[in-house]
Amino acid sequence: MNLGRLQFLGTGTSQGVPMIGCSCAVCRSEDPRDQRLRCSVWIQTPESSLLIDTSPDFRTQALRAGIQSVDAVLYTHAHADHVLGLDDLRCFCERENRSMPIYSHPETLKQIQGIFPYAFFPKVRVSTYVQVDPIAVESTFELGGWRITPLKVEHGSIQTYGFLFDRKEGKRFVYLSDCKQLSEEVIERVRGVDYLIIDALRQKPHPTHLSIEESIEVAKKIAAKQTYFTHLTHHHTHCERERMIPEGLSIAIAYDRLEIEL
Ligand SMILES: [Zn+2]
Ligand SMILES: [Zn+2]
Ligand SMILES: [Zn+2]
């Protein structure tokens, strides 16, 4: 059954690919899949249009994807590469004369408020400014026809939220960008999900992100019908990454504008 679609708005790590000032083979690659804006996904169903994160590239991403409306945004954490596009939500606030609901952990919402204090001013709604309606979530909630469960995952010294999206038909997808380790509890919770979207930064181990090898191990445990790797650096081309996946595993490398039928 087609319930909608998910589009990868960006699949690059915090600096994007190509990186400013870099002339490596990946940054000069002519394969369009090697052009990666910062990480975010857009989830469209007949009931709702939701975003996970608003990257610094959000304006470009929204224009190229043709995003006409956004009902709410879920934030994984407050690192710059995941929140700095928030101000560009203003067009949706202005057009519909409303504030934008944003969902995350209470601490993340506080950090976002520190970056965009004016977006949180209550009741002094200037019609062209962005205004958010912060909604702290720490357990499963309903939104836009989905049952969404925030999952705490370790991202170096901080925690980020992964989000599991369920329908009555079952676990549809889980988005786990920016993580270094998953607890057994989280793995158990998402095991057998249809689509797993997960951080797989690069080959060399990193203190705050899963490496390709580590992500492969996690993907085997979760055993999704299909896994997609995201939050990718300029260390390997798309094709090189594909060759790093052992045969027989349902793991694909995501790229910008790739769509999944939900
Ligand atoms: Zn990131
Ligand atoms: Zn490079
Ligand atoms: Zn991060």
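**Briefing: strands, helices and core of a predicted model**

Strands S8 (residues 146-155) and S9 (residues 158-167) run antiparallel and are joined by nine bridges. The model is predicted. The protein holds seven helices and 14 strands. Of its 262 residues, 45% count as buried.

**Overall dimensions**

- The C-alpha trace spans about 55 × 45 × 40 Å along its principal axes.
- A compact globule of 262 residues would have a radius of gyration near 18 Å, and the protein has 18 Å, so the two agree.
- Among contacts with a separation of 6 or more, 64% come from residues 24 or more positions apart.

**The seven-stranded sheet**

- Seven strands form an open sheet with mixed pairing, in the order S7-S8-S9-S10-S11-S12-S13.
- Strands S7 (141-143) and S13 (251-253) each have a single partner strand, so one side of each lacks a neighbour in the sheet.
- On average, neighbouring strands of this sheet are turned by 30 degrees against each other, direction ignored.
- Helix H6 (residues 212-222) packs on the sheet and touches S11, strand S12 (226-230) and S13.
- The direction of H6 makes about 160 degrees with that of S11.
- Strand S10 (residues 170-176) runs parallel to strand S11 (residues 195-199), and four bridges join them.
- Phe173 has Tyr195 as its bridge partner in S11.

- S7 pairs with S8 in the antiparallel sense over three bridges.
- These two strands form a hairpin with two residues between them.
- Gly144 sits in that turn and has a positive phi of about 55 degrees.
- S8 and S9 also form a hairpin, again with two residues between the strands.
- The turn of the S8-S9 hairpin contains Gly156, whose phi is positive at about 70 degrees.

**Strand S1 and its two partners**

- Strand S1 (5-10) is joined to S2 by five bridges, and the two run antiparallel.
- S1 also pairs with strand S14 (residues 259-261), in the antiparallel sense over three bridges.
- Arg5 has a bridge partner in each of these strands: Gln44 in S2 and Glu261 in S14.

**Helix H1**

- Phe58, Gln61 and Ala62 are the buried residues of helix H1 (residues 58-65).
- Seen down the axis of H1, these residues fall within an arc of 95 degrees, so they line one face of the helix.
- An α-helix has 3.6 residues a turn, so residues three or four places apart point the same way.
- The cover over the buried residues of H1 includes S1 and strand S2 (40-44).
- Gly66 follows H1 and has a positive phi, near 70 degrees.

**The nonpolar core**

- The largest nonpolar core has 63 residues.
- Met100, Val174, Leu196, Ile197 and Ile198 have the most contacts inside this core.
- Which residues does Val174 contact, leaving aside its neighbours within four places in sequence? They are Gly162, Phe163, Leu164, Val190, Val193, Leu196 and Ile197.

Note on methods: Residues numbered from 1 in each chain as written. Chains lettered and ligands numbered in written order. Predicted model: local features only at pLDDT ≥ 70, side-chain atom pairs only at ≥ 80, totals over all residues. Pairing = 2+ DSSP bridges. Axes fitted to C-alpha atoms, helices over the stretch in contact; angles between N-to-C directions. Contact = placed C-beta atoms within 7 Å. Buried ≥ 20, exposed ≤ 12 C-beta atoms within 10 Å, placed from the backbone. Arc of directions from axis to C-beta. Core = buried A, V, L, I, M, F, W, Y, C linked by C-beta atoms within 7 Å. Rg over C-alpha atoms; globule rule 2.2 N^0.38 Å.
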